[in-house]
Amino acid sequence: MKKIYIDCGGNLGQGYDQITEKFSDIDFDQVHIFEPNPETCKFLSNKEYKHDDVKIYQKAAYDKNVTKMLTVEFDPTEGVQGWVGGATNILEDNFVKPHYIADKYIKPNDVQVDCMDFSKWLSDNFSADDFIVLKLDCEGCEYEILDKMILEKTIEYVDQIIVEWHNHMRNDPVKPIGYYLEKFKQYDIGYTQWY
């Protein structure tokens, strides 16, 4: 049994720092961090990690292998200022800019990025016998990712899930959060709501 931490939406590594501290009793064999923003990927590549086997992927976790345009956010408050804001996303025309972000801090459809079928990647690399902690902070695409995992039953691979929900950043209706919470309960997955 492998012990795995997977971070979808790594940003500047805040999730890695906080979640591996929360699960400090687990000595993870592998850490996988997905982050589509080239600016934050540079930061993540130079970051010091307490685990030996940390892999950084400059890709967006998604429900299929496609190329999409990345909308980036400027964040003047982070320790690393620049186009590294947490509202960076691959929603394209489906993106609704949150009211708390000034127009000047958003560059819509600015960078082309590769997206990967996360459910397939999970089934290709791991098994339901592994112990997997998964963080989804995908700025609105958590719904597609989870729907595909539920459909393909790769949700069964996950033991602990941490999710930040972004229905307010989407033009289209999505399933209520309660639907996913019921699925987590059904599959006996420990759940934590991320910021």
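This report covers the sheets, helices, cores and selected residues of a predicted model.

## Basis

The model is predicted: local features need pLDDT of at least 70, side-chain atom pairs count only at pLDDT 80 or more, and totals for chains, interfaces and linings use all residues. Residues are numbered from 1 along each chain as its sequence is written, and side-chain values use heavy atoms, with hydrogens and water left out.

Helices (H or I, at least four residues) and strands (E, at least two) are DSSP runs, numbered from the N terminus. Two strands pair if DSSP finds at least two bridges between them. Axes are lines fitted to C-alpha atoms, for helices over the stretch in contact; angles run from 0 to 180 degrees between N-to-C directions.

## The six-stranded sheet

Six strands make an open sheet with parallel pairing. Their order is β3-β2-β1-β7-β8-β9. β3 and β9 are the edge strands, and each pairs on one side only. Neighbouring strands here are turned by 10° against each other on average, direction ignored.

Strand β1 covers residues 3–8 and pairs with β2 in the parallel sense, over five bridges. Asp7 stands opposite Ile33 in β2. Helix α4 lies across β7 and β8. Its direction is at about 150° to β7.

## The three-stranded sheet

A further open sheet has the order β4-β6-β5, with mixed pairing. β4 (60–62) and β5 (66–73) each have a single partner strand, so one side of each is left without a neighbour in the sheet. The twist averages 50° from one strand to the next.

β5 and β6 (residues 106–117) run antiparallel and are joined by seven bridges. Val72 has Lys107 of β6 as its bridge partner. Helix α3 (residues 118–125) packs on this sheet, touching β4 and β6. Contact here means heavy atoms within 4.5 Å. The direction of α3 makes about 35° with that of β6.

## Nonpolar cores

A nonpolar core is a set of buried Ala, Val, Leu, Ile, Met, Phe, Trp, Tyr and Cys residues joined through side-chain atoms within 4.5 Å. Buried means under 20% relative accessible area, exposed over 50%, and partly exposed in between (1.4 Å probe, protein chains only).

The largest core has 44 residues. Ile6 and Phe118 touch the most other members. Helix α4 gives the largest share of this core, five residues. Leaving out residues up to four places away in sequence, the contacts of Ile6 include Phe34, Phe118, Trp121, Leu122 and Ile132. Apart from this core lies another, of 13 residues, among them Tyr16, Ile19, Val31 and Leu44.

## Helix α2

Which residues of helix α2 (residues 38–46) are buried? They are Thr40, Cys41 and Leu44. Seen down the axis of α2, they fall within an arc of 105°, so they line one face of the helix. The arc is that of the directions from the helix axis to the C-beta atoms. Their cover includes β2 (30–34) and β3 (54–57).

The face turned away from the buried side carries the exposed residues Ser45 and Asn46. At the start of α2, a side-chain oxygen of Asn37 reaches to within 2.9 Å of the backbone nitrogen of Glu39.

## Polar side chains

A polar contact is a pair of N or O atoms within 3.5 Å; within protein, one must be able to donate a hydrogen and the other to accept it, and residues adjacent in sequence count only if both atoms are side-chain atoms.

Thr154 lies in the loop between α4 (142–152) and β8 (160–163). Thr154 is buried, at 4% relative accessible area. A polar contact of 2.7 Å joins its side chain to that of Ser119. Not counting residues up to four places away in sequence, Thr154 touches Ser119, Leu122, Ser123 and Met149.

Gln14 sits in helix α1 (residues 14–22). Gln14 is partly exposed, at 25%.

## Positive phi in two loops

Glu139 is not a glycine, yet has a positive phi of about 50°. Glu139 belongs to the loop between β7 (131–136) and α4. Is Glu139 buried or exposed? Glu139 counts as buried, at 7% relative accessibility.

Asp188 is not a glycine either, and has a positive phi of about 60°. Asp188 is in the loop between α5 (177–186) and β9 (190–193). Asp188 is exposed, with a relative accessible area of 67%.
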